[in-house]
Amino acid sequence: MTARVRKDYQQARWNEPVIYELSLPGARGVLVPMPDGEVQAKAGDVLGRLPKGMRRAELPNLPELSQKHVLSHYLHLSQETLGSNITNDISEGTCTMKYNPRINEVLVGDPRFAELHPDQDEDTVQGILEIYHRFSQIIKEISGMDEVTFQPGGGNHAVYTAASVVRAYWAARGQLEQRNEIITTIFSHPCDAAAPATAGFKVITLYPDKQGIPDIEALKAAVSEHTAAIFMTNPEDIGIFNPRVDDFVRIVHEAGGLCFYDQANANAFLGVARAREAGFDMCHFNVHKTFGTPHGGEGPANGAFCCANELAPFLPVPRVVYDGKKYHLDYDKPQSIGKVRDFMGTAGVILKAYAWTMMMGAEGLRETADVSVINNNYMLAKMEGIRGLDYAFRGNGIRRQEQVRYTWEPLKNDTGVGTDDVNNRIADYGIEHYWTSHHPWVIPEPMTLEPCETYSIDDLDEYVEVIRTISEEAYADPAFVKAAPHRAASHRRNDDASLDDPAKWAVTWRAHVKKTRK
Amino acid sequence: MGEIVFPYIANSVPSVKKRMMDEIGIKSADDIFAEIPEHLRYKGTLNLPKPLLSEYEMRRHVEGLLAKNSSCEDHLSFLGGGTWQHYVPAVVDTIIERDEFLTAYVGDAYADHGKFQAMFEMASMVGELVDMDVVNTPTYDWANAIAIAVRMAARMNGRKEILVDASMSPKRLAVVKNYCLPDITVKLLDFDRVQGGMNLEDLKAKISSATSAVYFENPSYLGFIEGHGEEIARITHAVGAELIVGVDPSSLGVLTPPAQYGADIVCGELQPLGIHMQWGGGLSGFIATRDEPKYVAEYPSLLFGLTTTTQEGEHGFGQVYYERTSYASRERGKDFIGTTTALYGIAAAVYLALMGPQGMRDLGLGIMQRAAFAADLLGALPGVKAPYIAAPGFKEFVVNFDGTGKTVAEINQALLQQGIFGGKDLSGEFPELGQSALYAFTEVHTKDDIRRLALALDEALAAFPQVKA
Amino acid sequence: MTKKLGLIVNPFAGMGGRVGLKGSDGADTLQKALALGARPEAPRRAVEALSMLQDLKGALEIVAYPHEMGEDEARQAGFEPTVVGSIDRGHTMPEDTVRAAQDLMRLGVDLLLFVGGDGTARNVHDAVGDRVPALGVPAGVKIHSAVYATTPRAAGDLAKMVMEERVGAFHDAEVMDIDEDAFREGRVSSRLYGYLRVPADTGHVQNMKSGRAAGDEAALAAIAEHVIEAMEAHPDDLFIVGPGTTTRAIMDRLGLQGTLLGVDLVEGLRLVGSDVGERDLLERSQGRRSHVVVTVIGGQGYIFGRGNQQISPRVLAQVGLQSLMVVATRQKIASLRGGPLLVDTGDAEMDRRLSGYARVITGFHDEIVYRVEA
């Protein structure tokens, strides 16, 4: 049986105007509840009492539309967007685009959550505090770490929190000036370099050895009395598990440094391998990817930062604590790094992740891990023989885990069609743009795919067939592939230079109007 | 027990899994995990709560937990201070619950054209509110926006000291301090606790050619309106520093946008624009500047720009100034970006499109009228001073209870008994204000709600022996 | 507006390779190659590269020298080239390449696409310097210059993007001067000859997940800031700054007139020596704390022994290896495709000492640890 390929797919293409072009002067989308006449009368001329110059002279130039027109406009825009719940989104390697259950949206819409104010009396928020506490216990068990905070607003933010904790740890020992270097690896997520740099550290990056594993000899050359910590992913973004990860930890510990485990790629290792057993002092999870909550087009997200007891005093405040009867928020942590985000973080993500985890249980998490690696190896096997396609460090004798970094280098050399072209073409088959890799490309013409547990055998077969089809197209008619997409919501941009030209770029409609006015 | 087929895991069907493993030539997933050395493997089964496998069971369980909460819907709330109770129109929820937006990723310009356009429209409408031409994709929250703005300024002018008005939100200040720790010094500017407003003498005394930026919030965290924006801008610009102003955008239908009194960078919080409070999880920050390359180059986050496509008349979108060139000392100060709060940006776009110019004006005016009405009622209660800080305010004001001999904690406990969440207790954050609370009034409050508050307060205070002469 | 692509084919480039000769410079070698049955490689590669530009037909004017120097190849690829100049058919010389490049530049081409090897790149450099963007289609044997794309099709693809104005940036790439006589005898004697302005093969696709990128210029500035910070911290030390555009960025940022191809000396942020030789280096660094700042030169990853021979083993021994600062952009490191950095100082003991792992400065407070081999 040949797998399906959506050959006649056509994405919605509404040629949707910008909302300002839809404005009907005087129209209203919603009316605002105005105060009672008595209130207005007693209040008097509130605007007249404003300090000089503080009364807005002209109304803001917002569009004016009836409610139906606002609704249909944004429905059109939603239809011109591919979300993971509606597509075969194996594409986003390192991002774990899994199914995001609808029930969880019902739960966060419950006013007993949606309409909670963060400064309510503790007695009135025992439910959400209990959810935080329960999910803390779950994360601690999954990581093996002693403490966790959910304040960071995403994975990168959790890595930044880690860097802040490392900074506070060394400052508390009076050694921050000396311990000013953080080591990372090139196939770790770039935030493992960028977040420590933001926190003021120098960053030292290790390259892989010939097998694609971070070079342990390079690590030995890198550690010194300046080493504050290592920040590393495992498996890295190329899907190869570093079997000597505990040696890395040992080498850094022996040099006096701390060890942080970036667990953005944790999905396939739930209940299989933990930060604790490898000896790490800290780790983090991208709650929004590993625990089934939606990405929201780039947030709201959540990063769970976990650490060993020794580092717990530095965690941001407040901490959720349980006294055996009631849950409390504890701000009394004198060594805390303070805050990385206002209030208690993205509580909705925690609520959804808790619900997801409660439906899965320990067996479900293990099944998630098992099916993720089976899916990936199945797909890798099916990709064999596609012309022009290879993958990084082929032949190193190591099985890939949850994802693979493929390379279109042979296709590029043969046809001139590179990964960016294939990526534009894949949209013509109803599949989301895939993840290549960060720049500069260490693996040429990369394509990083992560077929996590959500995807069925048919999804995997479809994806492979689409890849095979595009390869064939590239060999037959490279120009056609290079002109893609042909059936997406929008055609190709034809003037990228305008996006780099201060006289032409327009980040807002008003800027556009100013710059195009004759 | 037979093998569980998980609804969220298609290939957990045992026969399918077997077929796939046969294809790969393995007996179980353990053959793949064999790449992980034995001593690094977790042995046994994680000690997690027993799963609630059916959706119904799980829902019962979670709703059981949520039932332990009391919300601002079943109570009457006057809490603000960084998260505010506003009405969220149904259309906003409809749009941001669309699976296309909800489950999108960063995306690309063609297959996610709609998301790009929605983000561009968010920037366009927020840009009109703040009267600026460049607005970034949302940050984690307002605090994060200030932190980024401050670092942008420091990179632009190479200076390492910022002055911030001490009336700013202490929690936001804690975030800013954390971000500034490596190399930027944060100094506090005194403010007038009686009349409200920045102490300009203190500003003049502390500002110098070492000052990178001055930051204040308008309306302030304590609710009062800063009336000397122009003068602060003049003093700030005289030393070549940047003026950064934080703003609650729900005020901008009636209040002058900071750009018009000299702000160079404006930041603020989108939560009031159509995002549910969610226990403080509904926050989403923004940054806006003038459309000059020196500012545009410093944004660490994506900027969605409007352009053309090969199809005549079609709008296209892409990243503006994607490969930024180098300015001044930016190489020495870095930022990271990541997944922040894009979906809330779309919520804000839908909200502003629904509200329109008149809606934003009505919102602002109505809020001010309610607050003025409330201040009159509360200020008339014995021992109560409201507003405690004299300057005109927006949405919030400080209520002082020193004259009642009671603590805010005691009063709020009494109010809670009557189903009311009293204002935020400021005695921890601003001890110099005595027993004060920050009360917030928005369009959700009716005349009767405000009266009910006043009566409940009166009753609560009467239940205590009077101290006031 | 119609875009103009200038095409230059060195028809004999690459001929030596197939018959075991290294390079084809010099009339004798060429005759030898022909006698050995070598067939021209360059024309085929030129056609291959041009095939990538097929769908621009009509929107693109190809300007070429006659016959085998470009005209024939353009026609074979299905284009109607504008032909200028004249040649002695079957007997083209390096001078023809120089003349062709000058003529094409004068005609205002948007890109010079040349097919050849290291020698061809030198000829193009002699003719146009960095005044017009250029790009090499590899036809020669082991090429040391970094001005060539990896394959003919990759070159054609990049040329097409230039024609479509889809290339965001151009950068300076090295042209190496390899003494081919010495090379054939198994010795590599090379120096940095100069730079051509070539289109950057990256960054043209916006990579949303990575956020906004810093361009090559910003990367160079960040590296410069790192070195300048060290210069500020040690105002009394001598900084020996090797050749290259990466190191030139340091001088530019300091507002100093450095020499692109030579070794300069900086002390207290001031230029205290220009284009100095080994003897000067030994004298000036005698008995004082000195730092050596070098970059990767050429396409193969050399940090010593290619173009910076002035910084000799004796100089390195005197200065000490602990003060070595290697600078390179991440892009340059990526272009090594996992290969090591190389040293060839001419002194086996020094090469051994330099081998192992080196820290390479890739940005401000941003370093990598990278393998070095002799």
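Predicted model: local features only at pLDDT ≥ 70, side-chain atom pairs only at ≥ 80, totals over all residues.

User: What is the peptide bond from A:G299 to A:P300 like, cis or trans?

Analyst: That bond is cis, and its omega is near 10 degrees. Most peptide bonds are trans.

User: Which peptide bond in chain B is cis?

Analyst: The bond from B:N218 to B:P219 is cis, with omega near 0 degrees. B:P219 sits in the loop between strand 5 (211-217) and helix 10 (229-238) of chain B.

User: Let us turn to backbone angles. What is phi for A:N15 and for A:T96?

Analyst: A:N15 has a positive phi near 50 degrees and is not a glycine. A:T96 is not a glycine either, and its phi is positive at about 50 degrees. Most residues other than glycine have a negative phi.

User: Now sheets. What is the strand order in the open sheet of three strands in chain A?

Analyst: The order is 10-11-12, and the pairing is antiparallel. Strand 10 (390-391) and strand 12 (446-449) of chain A are at the edges; each has a single partner strand, so one side of each has no neighbour in the sheet.

User: How many bridges join strand 11 of chain A to strand 12 of chain A?

Analyst: Four bridges join strand 11 (residues 404-407) of chain A to strand 12 of chain A, and the two run antiparallel. A:Y406 stands opposite A:M447, a residue of strand 12 of chain A.

User: On to chain B. How many helices and strands does it have?

Analyst: Chain B has 14 helices and 15 strands. Its C-alpha trace spans about 85 × 60 × 50 Å along the principal axes. Of its 469 residues, 64% count as buried.

User: How is chain B divided into domains?

Analyst: Chain B has domain 1 (10-66), domain 2 (76-83 + 357-462) and domain 3 (90-351). The C-alpha centres of domain 1 and domain 2 of chain B are 52 Å apart. As for contacts in chain B between residues at least 6 apart in sequence, 73% of them join residues at least 24 apart.

User: How many residues do chain B and chain A put into their contact?

Analyst: Chain B provides 176 residues and chain A provides 181 residues. On the side of chain B that touches chain A, helix 12 (residues 342-379) of chain B gives the most, with 24 residues. That side of chain B holds 88 nonpolar, 51 polar and 37 charged residues.

User: Last topic: which residues touch the most other members in the largest nonpolar core?

Analyst: They are B:V150, B:V350 and C:L112, in a core of 454 residues. Helix 12 of chain B gives the most to this core, with 23 residues.

User: And what is B:V150 in contact with?

Analyst: Setting aside neighbours within four places in sequence, B:V150 is in contact with B:I162, B:V176, B:C180, B:I184, B:A213, B:Y215 and B:I244. In soluble globular proteins, nonpolar side chains tend to be buried together.

Technical notes
Residues numbered from 1 in each chain as written. Chains lettered and ligands numbered in written order. Buried ≥ 20, exposed ≤ 12 C-beta atoms within 10 Å, placed from the backbone. Contact = placed C-beta atoms within 7 Å. Nonpolar A, V, L, I, M, F, W, Y, C, P; charged D, E, K, R; others polar. Pairing = 2+ DSSP bridges. Domains from an automatic or database assignment. Core = buried A, V, L, I, M, F, W, Y, C linked by C-beta atoms within 7 Å.
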